[in-house]
Amino acid sequence: MNDRNLQEEKSSKNVDRRDFLKLGLLTTAAALSAKPSQATPLTGKTEVKPPLQKYIAKQYDKLLGGALNGISDNQLKAHFALYEGYITKINELESRIKSFDTNNPDTINYRGWHLEQTSMLNGAVLHELYFGNLGTAEKEPGGALKKMIDRDFGSVQNFIGHLKTVGKIAHGWSLAALNFRTGKINVYGLERHNLNVPTMVYPILVLDVYEHAYMIDYSTDRKKYLDAFVMNLNWKPVQERLEMALSIPFGEAVTV
Ligand SMILES: [Fe+2]
């Protein structure tokens, strides 16, 4: 990425972040009430921003060098390489799909690319969310996140219990997400990157339970890995994601 693109991306992120934090604060009270919020009337003035032209692998070097307790550098480096493979593959797939001539009746390859598209996309994004919520900056949930966890699960301990239990039984992912249909936080289990994926939800906390996430450190002992994950959970990005999600109205209107 050149300097100009970097500047544009940083600028766009700053604006987006300010907007969602502002909107998040405004809508937190609505999210905590029992009444579903109303959709914003259409004005026809929504700005259409230029998209990113391709996926670029994020760097998570800050997790190395003993930053985590119980998840080794070797484990993380092997995992980073896997994630970067998903980034390469999704770029390649989207390029192939875009250049496909839809007048061509031979759709065998086209079908295969589409099957892989959701797998590679989710493989990339879920790993970014997973690495993103590792770290030791914020050890406890606070603010609206704590209130909503208490409201929907009774306690943080019970919420973590659900996250870990789904982590024991799912083959791929255990994740907590804000459900836009209800305004509640739920825990979901994904068998694969693109299997059992719920719709109209926004992931706020992601736990990778594929064997590749812990084999180097814990062999087949997933329970020990789940304990290590919770010990290294950084609640700060979880709170930020929730605030971003709360900027979107929830309730009956989301499936209009
Ligand atoms: Fe993984």
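Author: A nonpolar core is a set of buried Ala, Val, Leu, Ile, Met, Phe, Trp, Tyr and Cys residues joined through C-beta atoms within 7 Å; a residue is buried if 20 or more other C-beta atoms, placed from the backbone, lie within 10 Å of its own, exposed if 12 or fewer, and partly exposed in between. The model is predicted: local features need pLDDT of at least 70, side-chain atom pairs count only at pLDDT 80 or more, and totals for chains, interfaces and linings use all residues. Numbering runs from 1 along each chain as its sequence is written.

Reader: Which residues touch the most other members of the largest nonpolar core?

Author: In this core of 45 residues, they are Trp173, Ala176, Leu178, Ile204 and Leu207. The elements giving two or more residues to this core include α3, α5, β1 and β3; helices (H or I, at least four residues) and strands (E, at least two) are DSSP runs, numbered from the N terminus. Another core, of 7 residues, lies apart, with Ile87 and Met120 among them.

Reader: How does one read the buried side of a helix?

Author: An α-helix has 3.6 residues a turn, so residues three or four places apart point the same way. In α5, the buried residues are Phe159, Ile160, Leu163 and Gly167. Down the axis of α5 they fall within an arc of 95° (taken over the directions from the helix axis to the C-beta atoms), so they line one face of the helix.

Reader: Which exposed residues does the face of α5 turned away from its buried side carry?

Author: That face carries Gln157, Lys168 and Ile169.
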